[in-house]
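Please open the structure in your viewer and keep the selection panel at hand. The stops below say what to select and what is to be found there.

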Amino acid sequence: MTRPFYITTPIYYVNDVPHLGHAYATMAADTFARFHRLIGDDTRFLTGTDEHGQKVEEAAKKRGLTPKQLVDDVAPRFAAMWESLGISNDDFVRTTETRHKDVVRALWKRIAERNRDDLYLATYQGWYCVGCEAFYTESQLTKQGDTWICPIHTTPVSWVDKERSWFFRLSAYKTRLIDHIEAHPDFIQPDAYRKEVLSFLRGEVRDLSVSRTSFDWGIDVPEGDPEGKHHVIYVWMDALTNYLSALGMGTPLYDRFWGQAVHLIGKDILRFHAVYWPCFLMAAELPLPKKILCTGWWTIGGRKISKSIPATRVDPLVLAADLNADRALGIDALRYFLLRETPLGNDGDLIYESLIERHNADLANDLGNLVNRSLTMITKFAGQAPPVHSDALADVANQVIAEAKANWEAFQPSRALEATWRLIREGNRFVDSSQPWALAKAGKNDELARALGTLQTALWTIRNLIAAVMPTTAIKIGELLGVKAEPAWPTAWGADLPAFHPQPPTPLFPRIDDKRTAELLAKWLPAETAAAPVAEKKEAALITFEDFSKAELRVAQVITAAPVPKAKKLLQLTVDVGEGRHRTVVAGIAEAYQPEQLVGRKVLLVANLAPATIRGVQSEGMILAAGDDSILGLAAVDSLGPDVPVGTRVR
Ligand code: MSP
């Protein structure tokens, strides 16, 4: 019997076009779906769009469109984005579809039939954030002057004055939900989010207003209002039901998958999924999802992704095409970075330098290099598939297969990938230690065949291990090995080997060199109009030695230097701060130095300065220089004295 696995993404609001934050959630869910297919589970993967509500109605009005025109314009852009990104969803649900609306109304009726008291009419008055489509109490908001501000959108909330609405008796389910969460420790993952939900539930839980009369763009409440008002169902109750409506109720898909659902979501929508949704389902007497899997948020160079900051509006497809001439491989590189860089529940910051560094280290140097050298040698020295392998990599491979599987099953992609890369690095070490070129030269043909066969088996294993996160790369490695078989999760080193027909390789992930890095950084970090803050001039006060020693000054060496576009005075430097660690620093020295003069030069760095974002670039330190705007000299290590190593502290 194959096990059922059902994974969902949040359905995206159509008031916005897709950006990197959305792509992250969808790519992560796609990777889990692909992994479960690899291990043979009966897998279903759902995504879609959230098309009702006040937010969408207002967005349409602003653009002079009807809500229907807006949603019909934007929803296909999400579908097209996922297709271009190679996302393998089995279904795409839109909340304006009849199949969805029918199930939302059926769910309402079911609650009303089974637990009549849970839906009641009352008057709502309070704060509403249209951005969140959520009601807030004052204790959940912040106040600026006389204005209450939404903590998530940092925009003013609006007052809903005595609106007659249907309420859902959330309070009645509080204890049952706490019991459920305590009895199922994996219900909300990672644990920090589980604690957050429990602490919310242990406070005062109020009933929830679940209908609105002040606008129309939504699904009608199935039962009338005795006062004759027209109610539409609260958009979150509507939206959450997509997970069910896409299967249909009482259908074969429902029987296979409902109750198995893993809802992957962002931390901003935790309460809707971990509190409201399970309570609606309890009231409808339907099984709960299996898991709420919560991710953190990505910022770009330290900044929140926002419509008003163009530099954060990264189009994942453009980024992918910039990373690799073969865009599909660039997409794989991006997926790898996003899932490897930050554990799933944590917030992540996309720093472009780190993206390039990881690309060069993990993909060009480790994976790409192993594929390239192995196949070059196999085709050159053996000319055909080597028939035997040694067990030199068997132990590490078997450990990695088990560890990566356990981590994928536990929804910990960064750990799964860390384990996988251990095998890739061992593969490269094996090339260095077995030296097939020397064996060929010495005519040790048996040993040579075994070494090359070991590399061939390693590539095959790695290809299957990475297929969930890097599907195109897996296809390419399969082609280079001349194998047609679909990827499947490896059971053990050397098991189930297919017939190989190795081909001469072309590099999968060409290294991004310094010149290209500078070009890409200049492209990805558009200049902004905001002026840099001007420091006030103050008389210098005396400081103690202790004050001075708070500054951590170190010798650093410039590795790359590039202008910051449209900022005449600024250069963006990558500096080596010792032990191979690199940092990005923005320095106001562009009028005194050409970038190329600086590469290789030793400079003095204030290493413990709090990071700051300057013209869209996160600067992690400051270079010491003499003078002000016009007279500038870099403080450097005396070239006449002994060679001071990079990283040395300056006192
Ligand atoms: N429509 C609701 C979800 C309804 S689910 C029944 C919604 N839509 S959204 O388009 O605003 O956000 C969709 C998802 O994208 C959320 O999980 C949100 O956390 C995620 N992200 C939006 N920006 C993000 C980042 N910057 N980083 C990571 N994820 C982010 O909420």
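Predicted model: local features only at pLDDT ≥ 70, side-chain atom pairs only at ≥ 80, totals over all residues.

**Stop one: the ligand shell**

Residues are numbered from 1 along each chain as its sequence is written, and side-chain values use heavy atoms, with hydrogens and water left out.

Now widen the selection to β2 (12-13), α1, α7 (235-240), α8 (242-245) and β14 (261-266), each of which supplies at least two shell residues; helices (H or I, at least four residues) and strands (E, at least two) are DSSP runs numbered from the N terminus. Altogether 22 residues surround the ligand, and the closest are I11, D50, G266, D268 and W298, where a residue counts as near if one of its heavy atoms lies within 4 Å of the molecule.

The ligand taken alone exposes 670 Å², of which the protein buries 94%, with areas from the Shrake-Rupley method and a 1.4 Å probe.

**Stop two: the cores**

Select F32, Y352 and L367, the residues with the most contacts inside the largest nonpolar core, which has 114 residues. Such a core is a set of buried Ala, Val, Leu, Ile, Met, Phe, Trp, Tyr and Cys residues joined through side-chain atoms within 4.5 Å, buried meaning under 20% relative accessible area, exposed over 50% and partly exposed in between (1.4 Å probe, protein chains only). Helix α1 (residues 20-38) gives the most to this core, with eleven residues. Apart from this core lies another, of 80 residues, among them Y128, F135, I178 and F200.

**Stop three: a helix residue and the domains**

Move to D73 in helix α3 (residues 67-84); D73 is partly exposed, with a relative accessible area of 35%. Finally, colour domain 1 (4-295), domain 2 (355-480) and domain 3 (545-650) separately, bounds that come from an automatic or database domain assignment. The C-alpha centres of domain 2 and domain 3 lie 39 Å apart.
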